[in-house]
Amino acid sequence: MVNKRTLPHIVQIVGYKNTGKSTLTAELTSYLSSEGLRVAVIKHDGHDHFQMDHEGTDSYRFNQAGASAVVVMSEKRTAVIEQQPTSLETMLSRLSEYDWILIEGYKAAPYPKLVMIREEQHVAILQKLEGVMAVVSWFPRETLHSAGSEPDLKSEVVWHSVQKPELIARWLLEHVNIEQS
């Protein structure tokens with residue numbers, strides 16, 4: 001019998017700055033991992049601010065000496081630091097052995113999205129995005145005011161409370177099982 005490997009489930013967590021994307025990503029990672037699933041996380045740094053190497057380390061020295069890639073490996077971890085841009089698709093391909101890939105950011109990417117909404121005016125982002133599977137909000141849907149003649153996109157998606165990440169994680173697992181049936 002052929003062992004049919006399913007592709008990882010990919011979900012994006014998107015929203016404006018300070019809406020709780022990193023917190024939700026960590027909570028979902030924790031829950032999915034506790035269920036025995038292998039989770040990879042990709043975080044978009046739109047301003048290229050992150051620094052993996054720090055002065056005084058060997059890997060930093062190798063990087064400063066001109067290495068295009070530095071790999072640090074131990075018995076339990078591997079880190080690869082490359083001095084080149086990598087497309088989201090290339091990274092997803094590298095992570096294809098994981099059960100879940102959570103992507104924080106990359107709003108324009110074509111994957112199913114959880115959209116973080118902290119303030120009522122942030123609801124407008126729903127009209128700009130494709131692939132919205134659910135909203136994760138800081139306030140109940142019922143408190144929204146009517147948007148007039150705009151399409152009522154907020155009623156077409158599932159609405160979750162930011163205060164209940166475990167329910168969101170369970171919903172994701174159930175949603176995936178329904179889609180695979």
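**Asparagine 18**

I began with asparagine 18, which is exposed at a relative accessible area of 56%, where I take buried to mean under 20% relative accessible area, exposed over 50%, and partly exposed in between (1.4 Å probe, protein chains only). I found asparagine 18 in the loop between β1 and α1, and I noted that its phi is positive, about 65°, although it is not a glycine. For the element names I rely on DSSP runs numbered from the N terminus, with helices being H or I of at least four residues and strands being E of at least two.

Before going on, I wrote down that this is a predicted model, in which local features need pLDDT of at least 70 and side-chain atom pairs count only at pLDDT 80 or more, while totals for chains, interfaces and linings use all residues. I also noted that residues are numbered from 1 along each chain as its sequence is written, and that side-chain values use heavy atoms, with hydrogens and water left out.

**The chain as a whole**

I counted four helices and eight strands in the chain, and I read their order from the N terminus as β-α-β-α-β-β-α-β-β-β-β-α. Of the 181 residues in the chain, 36% are buried. Taking contact to mean heavy atoms within 4.5 Å, I saw that among contacts between residues at least 6 apart in sequence, 59% join residues at least 24 apart.

**Lysine 21**

I then turned to lysine 21, which lies in helix α1 (residues 21-34). Lysine 21 is buried yet has no salt bridge, and the nearest side chain of opposite charge, that of glutamate 104, is 5.1 Å away. For this I used a salt bridge as a side-chain nitrogen of Lys or Arg within 4 Å of a carboxyl oxygen of Asp or Glu, with Lys and Arg counted as positive, Asp and Glu as negative, and His and the chain ends not counted.

I did find a polar atom of the lysine 21 side chain 2.9 Å from the backbone oxygen of tyrosine 16. Leaving out residues up to four places away in sequence, lysine 21 touches a set of residues that includes Ile13, Val14, Glu104 and Met116.

I looked up glutamine 12 in strand β1 (residues 9-15), and it counts as buried because its relative accessibility is 0%. Its side chain makes a polar contact of 3.1 Å with the side chain of lysine 113, a polar contact being a pair of N or O atoms within 3.5 Å, of which, within protein, one must be able to donate a hydrogen and the other to accept it, and residues adjacent in sequence count only if both atoms are side-chain atoms. A polar atom of the glutamine 12 side chain also lies 2.6 Å from the backbone oxygen of tyrosine 106.

Phi of tyrosine 106 is near 60°, a positive value in a residue other than glycine.

**Strand β7**

I ended at strand β7 (residues 132-137), where five of the six residues are buried. Strands count as paired if DSSP finds at least two bridges between them. I found that β7 pairs in the parallel sense with β6 (residues 113-117) over five bridges, with serine 137 as the bridge partner of isoleucine 117. β7 also pairs in the parallel sense with β8 (residues 158-161), over four bridges, and there alanine 134 stands opposite valine 158.
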